[in-house]
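User: Hey, I'm new to this one. Can you walk me through it once it's up on screen?

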Amino acid sequence: MPASKIVNEQEVMRWFEEGKTYQWMVAEYKRKYNIDTVPSLWGNFRRRRGLERRTLRDDELLPWGMKDEHRWLFPAQMLRAEARRRAGKVLRPEEEKRVDSFIDRLKRDGLVVHYDIDTKEGFFYVPARPGIDTDLIHKPKVKTSPRLRAD
């Protein structure tokens with residue numbers, strides 16, 4: 001088995017506690033130790049140490065299987081951030097402000113997020129259907145998320 005590229009496990013554990021991103025860890029290891037790493041190294045470290053997943057699956061706010069080109073569009077980012085907040089995660093102040101503004105605008109305008117995989121745009125804002133769309137999204141008839149939440 002090859003030697004670990006991780007120089008200081010306590011330092012890495014602290015980075016996870018501080019919420020540093022995998023990309024930040026890759027850049028910091030290159031800067032500090034001149035060691036090239038990849039994001040999967042940090043994900044594997046997290047899994048082996050039994051640390052909590054960094055991403056959150058929430059098929060109530062993101063019930064769709066999405067095209068890769070749609071995954072990082074603004075509505076998806078905001079819905080993921082709100083899912084993290086609902087799960088008790090602390091958002092960065094600037095992220096919290098963006099999510100609050102996003103939700104305020106939807107509520108003020110009576111809109112919800114709709115996703116259509118077969119379009120270039122992917123996401124649209126549509127009028128909320130009374131009694132059906134009670135959250136932030138246009139509820140699909142069937143969830144198409146490839147990995148539904150286990151609970």
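User: Let's start with tyrosine 29: how much relative accessible area does it have, and is it buried or exposed?
Analyst: This is a predicted model, so everything here is computed from it. Tyrosine 29 has a relative accessible area of 0%, so it is buried.

User: And tryptophan 15, buried or exposed?
Analyst: Tryptophan 15 counts as buried because its relative accessibility is 3%, and the cut-off for buried is under 20%.

User: How many aromatic pairs does the structure hold?
Analyst: There are 12 aromatic pairs. In one of them, the ring centres of tryptophan 15 and tyrosine 29 are 5.8 Å apart and the planes sit at 85°, so that pair is edge-to-face.

User: Which helices do those two lie in?
Analyst: Tryptophan 15 is in helix H1 (residues 9-18) and tyrosine 29 is in helix H2 (residues 22-33), so their pair ties together parts 14 residues apart in sequence. Ring pairs also link Trp15 and Tyr29 with Trp24, Tyr33 and Trp42 in a cluster.

User: Switching to helix H3, which residues are buried there?
Analyst: In H3 (residues 39-48), the buried ones are Trp42, Gly43, Phe45 and Arg46. Their arc around the axis is only 155°, so they lie on the same side of H3. They pack against H1 and H2.

User: What's exposed on the other side of H3?
Analyst: Arg47 and Arg48 are exposed there.

User: Last topic: what lies over the face of tryptophan 24?
Analyst: That's lysine 20, at 4.7 Å from the ring centre. Elsewhere, the charged end of arginine 105 sits over the ring of tyrosine 125, 4.4 Å from its centre.

Key:
Residues numbered from 1 in each chain as written. Predicted model: local features only at pLDDT ≥ 70, side-chain atom pairs only at ≥ 80, totals over all residues. Heavy atoms only, no water. Phe/Tyr/Trp six-rings, centres within 6.5 Å; stacked < 30°, edge-to-face > 60°. Helix = DSSP H or I, 4+ residues; strand = E, 2+ residues; numbered from the N terminus. Buried < 20%, exposed > 50% of the residue type's maximum accessible area, 1.4 Å probe, protein only. Lys NZ or Arg CZ within 6 Å of the ring centre and 35° of its normal. Arc of directions from axis to C-beta. Contact = heavy atoms within 4.5 Å.
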